[in-house]
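Subject: Structure handover

Hello,

Here is the structure you were expecting. My notes on it follow below.

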Amino acid sequence: MRHQPWSLLVQTCFTQGTVFLVRPTSAYRALELGIDFAWLGSLAAAFSLLPALIAAFVGHFVDRRNEKKTLVVGGSLMVVAAGGLVFWSSSLLLLMGWNGLLGMGFVCCVVSQQTIVAHGNPKTVDSNFGVFTLVGALGQSLGPLAITTFSGRTALPDTTLLFVVGVCCAVVALTLAVAMGSPADVTRSTGGALPRHSILDALNVPIHTRGRIFSMIVVSIVILAAVDLLTVYLPAWGVEMGVSATMVGVLLSVRSIATMLSRLGLGTIVRIFGRSTLVVASTLIAGIAVLLLGFTTNAVVAGVVLLVAGLALGIGQPLTMATVSLLAPRGTVGLWLSIRLTGNSLGLVFIPPAVGLLAGVLGIAGVFGVLAVMLMGVAGLARTGHR
């Protein structure tokens, strides 16, 4: 990322690592307190719903050239949230409150990070977002690894120790945000000062542009939900097919690694095939792969299918980010990226439970079938939006 500080990438890695360490640890703390399994979903809702409500305002603030300020505020909120979980998390209500604060800090950081990347050279925006999402995925894998490292052999880990590790990661992310130089001067590459819009004015873009942006947002929502659902239902598929938990873990790793690898050299692939064509093709291929998974009974075949699905699903997220940032009018990039983030959050709140209701009726193969139809459907939507 020639036009972005490497400190941004490291900061992104620690931001994601903090969240993917603290959130599972919060669930373990809830179980320590004897809270029923049914209430664990409230922690996810607390993390997603409140931040979703403020994301548009965060993006609008970032568009006022406040990328670094928002990054520092977000990092500070994450430090406070992780610290609160160390010293004061003896009830479900407190756990929900700290997770909500963590989510608000996370939204501030992610919108700022994505906006900084979007303001780089338009010619390298695809590869920049590819590297950005690759580093983010690396951070997401380091969080669970920290849990494994510090948990020992017990079923319930030492949550206080894990929360302290989370505080340390959040402090590193905040320190990097404070030390980071100001983003590159956007006015130099865009020709003059950025226009100032109200939120309503920023949303009032030409209808064809708005249609393309919203089609990319819908594609992003479904791709993220697909990854989440594969993670949740692949263990159930393993039980149904008699595949060991160890092999299911390998299959999940295959999907995750393939997703990360798909983001290497993304700029070159876009130059060959075109951004819109890649979005449509990768989402369609992912849908076909997920559909085939529903008919697969062999672990090796499932590994090949998940390799293809992981590669295809990994392409969609950075390209939807790049497309939204390029289509957004000057001075509204942060706002539109925050709307995309809001859609992702709401999608993770509502889509998995809705699909889960079908699991009891249709079975695991039926869940994969519904997921495949969703992916193929948004591929068609992306094609229509492009035309």
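I start with one side chain: that of S282 reaches the backbone oxygen of L278 at 2.7 Å. The S282 side chain also reaches the backbone oxygen of V279, here at 3.2 Å. Please keep in mind throughout that this is a predicted model. S282 lies in helix α12 and is buried, because its relative accessible area is 4%, under the 20% cut-off. Apart from neighbours within four places in sequence, S282 is in contact with A312, I315 and G316.

Overall make-up

The chain has 14 helices and zero strands. Of its 387 residues, 52% are buried. Among contacts with a separation of 6 or more, 85% are between residues 24 or more positions apart.

Helices α11 and α12

Helix α12 also has a neighbour to report. The axes of α11 (residues 266-273) and α12 come within 7 Å and cross at roughly 100°. That angle falls in the range of 65 to 115 degrees, so the two helices count as roughly perpendicular to each other. On the α11 side, the residues that meet α12 are I269, V270 and F273. Their counterparts in α12 are R275, T277 and L278.

T296 lies in the loop between α12 (275-293) and α13 (299-327). Is T296 buried or exposed? T296 is buried, because its relative accessible area of 6% is under 20%. A polar atom of the T296 side chain lies 2.8 Å from the backbone oxygen of L292. With neighbours within four places in sequence left aside, T296 is in contact with W237, M241, V301, A302 and V305.

Nonpolar cores

The largest nonpolar core has 96 residues. Those with the most contacts inside this core are F129, W237, L293, L313, F368 and L375. W237 is also one of the contacts of T296.

Setting aside its neighbours within four places in sequence, F368 is in contact with L230, Y233, W237, V290, L293 and G294. W237 and L293 are in that set, and both also belong to the group with the most contacts inside the largest core.

There is a second, separate core of six residues, including A146, I147, L162 and V165.

A81 has its place in helix α3 (residues 67-87). A81 is buried, because its relative accessible area is 0% and the cut-off is 20%. Not counting residues up to four places away in sequence, A81 touches W98, L101 and L102. A81 and A170 are 89 residues apart in sequence, while their C-alpha atoms are 9.4 Å apart in space.

W98, one of the residues that A81 touches, is in helix α4 (residues 92-118). W98 counts as buried because its relative accessibility of 17% is under 20%. With residues up to four places away in sequence not counted, W98 touches V80, A81, G84, L85 and W88. W98 and V80 are 18 residues apart in sequence and 8.4 Å apart in space, C-alpha to C-alpha.

The side chain of W98 also has polar contacts with backbone oxygens. A polar atom of this side chain lies 2.7 Å from the backbone oxygen of W88. For the backbone oxygen of G84, the distance to a polar atom of the W98 side chain is 3.4 Å.

Cysteines

How many disulfides are there? The count comes to zero. C108 is in no disulfide, since the nearest cysteine sulfur, that of C109, is 6.9 Å away and a disulfide needs the sulfur atoms within 2.5 Å. C109 is likewise in no disulfide, and its nearest cysteine sulfur is that of C108, 6.9 Å away. Where do the two stand on burial? C108 counts as buried at 8% relative accessibility, and C109 is buried with a relative accessible area of 0%.

Regards

Note on methods:
Residues numbered from 1 in each chain as written. Predicted model: local features only at pLDDT ≥ 70, side-chain atom pairs only at ≥ 80, totals over all residues. Heavy atoms only, no water. Buried < 20%, exposed > 50% of the residue type's maximum accessible area, 1.4 Å probe, protein only. Core = buried A, V, L, I, M, F, W, Y, C linked by side-chain atoms within 4.5 Å. Contact = heavy atoms within 4.5 Å. Helix = DSSP H or I, 4+ residues; strand = E, 2+ residues; numbered from the N terminus. Polar contact = N/O pair within 3.5 Å; in protein donor to acceptor, adjacent residues only side chain to side chain. Axes fitted to C-alpha atoms, helices over the stretch in contact; angles between N-to-C directions. Parallel < 35°, antiparallel > 145°, perpendicular 65-115°, else oblique.
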